[in-house]
Amino acid sequence: MSHAGMTAQQGVAWPSNGVSEVPFRVYTDPAQYQREQENLFKGPTWNYLCLATEIPKAGDYVATTVGEVAVIVVRDASGGINAFVNRCVHRGNLLCLERSGNLPHFNCIYHGWTYDYAGQLTGVAFEHGVKRQGGMPPEFRKEDHRLARLRTAELGGLVFGTFSEATPELETYLGPDVTHGLLRMMNRTPRLLGRSTQVMPNNWKLYFENVRDTYHASILHLFLTTFRINRLSMPGGIFINREGSAHYTFAKLDFAAEDMDYKDAQLRSDSEFRLHDNSVVESVDEYGDGISVQILTIMPGTVLQQVRNTIAVRVVRPRGVDKTELEWIHLGFDSDDDAMTERRLRQGNLIGAAGYIAMEDGCVGGFVQRALQYNDDGAGLVMMGGHEAESQPFRASEAAIRGFWKHYRALMGE
Amino acid sequence: MSMHDLALRLNIHELIGDYAECIDENRLEDWPSLFTDPCRYLVTSRTNHAAGLPQGVMYAASRGMLLDRVFAIRRANIFEPHSYRHVVGPVRIKSVEGDMAEVHSSFIAARIMHDGTTTLFATGRYLDRIDVSTTPYRFRERLVVLDSDKIDTLLAIPL
């Protein structure tokens, strides 16, 4: 899709040079979707690949996707992490069919071509023919062929990859605030608790915007208000990096006051408006900084969340202009005792496909997508908290969404 | 088969049938009473289960947590109205020791949206530990092990 000269006529027209009005066609246009794969997911961005602890030994690999592109991540013999496209140079076949495993080398099932942990072609079946007949032509050299590589970087136990040589180093890409936010959350060695994938009937950007939307939370997600779980004063804020490519938002909780509140609730007579079992919201201040919610995003497809004591990576994977897969990777830490794990599991009801304060996010994007069906003229408004995409000490704002569009427009050349 | 074994089998079938009927016929308020208190109810995937990973997509450790799930569905969470139709396959009683029967069954569940759109929503296995000390029997543990890692849109109503 990156044919020179074609890009200008393919882009969706924007109503202004700003980022507070977003043309609806960006969610429906197949050409736009294809350009996003090239310019965002394969462009100068960092994408979550796996946990470093998933591939501890040489030859341990994970097969995943970056956007729609199939990718292999492997630990090499010197302890480094390599990533390359999951596509044989010979006829383009998938090299890895399993999700993960350990292999001495990568061997294509189709014609037996093999690759080492750096993605270098090392073997070609019948390279010199059979009984001196056939075989590759004399000018063919295995050394000239390798799998297209991604650069990799590791931060806080998370492994990221980028297709582009132009992408700044990961910490530079994130900026100091978001780097700090990531390292705050990932301050111990993560331990995988479980995974699931939510398949959403909407364009991927509708979900990514939703995660950056601090405005909707108390309106769409009624669980906490229905059960009168008072989130007393919750000071918080939004940090957005200069480019808009990464952000995090946080809110603090008065843990002691909330605990008192539960006890009062148990005394109330209107039993249907109180939880029968508080353990779903009984959280501890595990970071010691009073922050109970931190949502961090890295464009184009990575979300890192702390919601009370639930820690998760969410990976946004486009699967067509109106279909998105969202993988939830639930984490604990190696220092957790059984009580801490049980606490995380019970609070796990708050998040994910069945999450009390998350399930609406699985359907609301689909509602938007349906409304846009053959009705995608005009532009949506993203003006809460102004027109800029700057960090703010409050959360009734759409600044982080504007940050998304700022970086989006820059990378898409729109 | 002795009369005792036959009665055991019938009571187990009754519990498993009642479970599916509570959900499919929108008697969700009766659903928690099919469990002991405490209990363990977990909806997870075959992949997580096989890997020994403890976190799924829906979890309750007490009848109170089940009641809260029902109330949240009724009063708090927002989603398009829909229902399920469960078909539960052959019930396999794997063992009975003391008050506890270990029972496995397979299921498929269709999802019927309010506009009539019907899709195959989930398939999987129920791995149950059933308290057989008093009738009606109750689930001490019901693991809902989904064959797929993928859930379409959201999971509001339990499976």
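## Confidence

pLDDT is the predictor's confidence in each residue, from 0 to 100. Chain B averages a pLDDT of 97, and 100% of its residues score at least 70. The model is scored at ipTM 0.97 and pTM 0.95.

This is a predicted model, where local features need pLDDT of at least 70, side-chain atom pairs count only at pLDDT 80 or more, and totals for chains, interfaces and linings use all residues. Residues are numbered from 1 along each chain as its sequence is written, and side-chain values use heavy atoms, leaving out hydrogens and water.

## Two packed helices

In chain A, helix α4 (residues 204–212) packs against helix α10 (residues 399–412). Helices here are DSSP runs of H or I with at least four residues, and strands are runs of E with at least two, numbered from the N terminus. The angle is about 135°, and the axes lie 8 Å apart. Axes are lines fitted to C-alpha atoms over the stretch in contact, with angles from 0 to 180 degrees between N-to-C directions.

Pairing takes at least two DSSP bridges between two strands.

Two bridges join β8 (residues 114–115) of chain A to β9(A). A:Tyr115 stands opposite A:Leu121 in β9(A).

Terms used. Chains are lettered from A and ligands numbered from 1 in the order in which they are written.
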